[in-house]
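Please look over the sequence and the 3D structure below.

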Amino acid sequence: MIIIKLGGSVISDKNTPYSFNREAVEVIAEEIAQFYPEESFILVHGGGSFGHPNAREYKIREGLMGDVKRKRIGFSKTHQAMLKLNSLIVETFLEKGLPAYSVSSSSIFLIEKGEIVYGELEVLRKLLEKDFIPVLFGDTAIALDKGIDILSGDQIVNYLARMFKPSKVLFLMDVDGIYDRNPREKGARLIKELTEEEIKHLLKSSESAGIDVTGGIGNKLKKALEIAHYTDIYFANGIVKGNLIRILKGENPGTIIKRW
């Protein structure tokens, strides 16, 4: 089984609220279709321009405090926005003949101190057994410590990798992989393979891309330190046609972190 994280910057334009990059998602679906059903998949997508504006406006990460009535409304609005994005992605996959099946992350996970502490995964196991493609997403979530919080797609990927031990984990982004500095800076170098020591060094230096509501590249690298105990991890440009196929064939068009 392979876990694919569709970055918010791949499936939407983060600078344009509620924008959906249908063309990119169609290409990803078409490329997955070349390997399904021989290969099983779990998809997890980020919030992009759907989830982040609401999360910021209502300061969901602060928890259920302050104007509690407004926070509850914002919590629900953020979730509804993510359901809309999830619906667009699932519908695109269905149009390509793939049995994508929406699984609401907030309904199966509880978090505390920003980490998943409980996940009801039996439904996912049964969906995989019956050759469905579960599609989860970054979402709002009930938090045991502060009432409510944001659950990022990267956190979900990390938890699922630990529980399912997939053959590969793929992070599809809007850049070609992990760089030694911000990829938009002159002289930035794409790192083809990362070791544990190199990741720790990068985390101590400047982030290789911007920080968003749920952590950006730095957060992905922190999660990669944990995921690499279970499987190989690939970072690649999800907007470039053919990259997904290359990874699924065992090639490395971006950055790889080999299991240690």
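This is a predicted model: local features need pLDDT of at least 70, side-chain atom pairs count only at pLDDT 80 or more; totals for chains, interfaces and linings use all residues.

Residues are numbered from 1 along each chain as its sequence is written, and side-chain values use heavy atoms, with hydrogens and water left out. Helices (H or I, at least four residues) and strands (E, at least two) are DSSP runs, numbered from the N terminus.

**The open sheet**

- Seen in order, β3-β6-β2-β1-β9-β10-β11 form an open sheet of 7 strands with mixed pairing; two strands pair if DSSP finds at least two bridges between them.
- At the edges are β3 (100–102) and β11 (255–257), each pairing on one side only.
- On average, neighbouring strands of this sheet are turned by 20 degrees against each other, direction ignored.
- Strand β10 (residues 232–237) runs antiparallel to β11, and 3 bridges join them.
- Ile-233 has Ile-257 of β11 as its bridge partner.
- Strands of a sheet pair through backbone hydrogen bonds, either parallel or antiparallel.

**Helices across the sheet**

- Helix α6 (residues 122–129) lies across β2 (41–45), β3 and β6 (133–137), and runs at about 145 degrees to β6.
- Helix α9 lies across β1 (2–6), β9 (168–173), β10 and β11, and runs at about 175 degrees to β9.
- For these angles, axes are lines fitted to C-alpha atoms, for helices over the stretch in contact, and angles run from 0 to 180 degrees between N-to-C directions.

- Strand β7 (residues 139–143) and strand β8 (residues 147–151) pair in the antiparallel sense over 5 bridges.
- Ala-143 is bridged to Gly-147 in β8.
- Of the 5 residues of β7, 4 are buried (under 20% relative accessible area, with exposed being over 50% and partly exposed in between, for a 1.4 Å probe and protein chains only).

- Helix α3 (residues 48–57) is largely enclosed by the rest of the structure, because 7 of its 10 residues are buried.
- The buried residues of α3 are Gly-48, Ser-49, Phe-50, Gly-51, His-52, Asn-54 and Ala-55.
- Their cover includes α1 (8–11), α4 (68–95) and β8, where contact means heavy atoms within 4.5 Å.
- The axes of α3 and α4 are 8 Å apart, and the two helices pack at an angle of about 175 degrees.
- That angle makes α3 roughly antiparallel to α4 (under 35 degrees counts as roughly parallel, over 145 as roughly antiparallel, 65 to 115 as roughly perpendicular and the rest as oblique).
- In this contact, α3 residues including Phe-50 and Glu-57 meet α4 residues including Arg-70 and Leu-88.
- The residues of the contact of α3 with α4 divide into 6 nonpolar, 3 polar and 4 charged; Ala, Val, Leu, Ile, Met, Phe, Trp, Tyr, Cys and Pro count as nonpolar, Asp, Glu, Lys and Arg as charged, and the others, Gly among them, as polar.
- After α3 comes Lys-59, with a positive phi near 50 degrees.

**The α8–α9 pair**

- Helix α8 (residues 196–204) packs against helix α9 (residues 216–227) at an angle of about 150 degrees, with their axes 10 Å apart.
- This makes α8 roughly antiparallel to α9.
- Among the contact residues are Ile-199 and Leu-203 of α8, and Leu-221 and Leu-225 of α9.
- The residues of this contact divide into 5 nonpolar, 1 polar and 3 charged.
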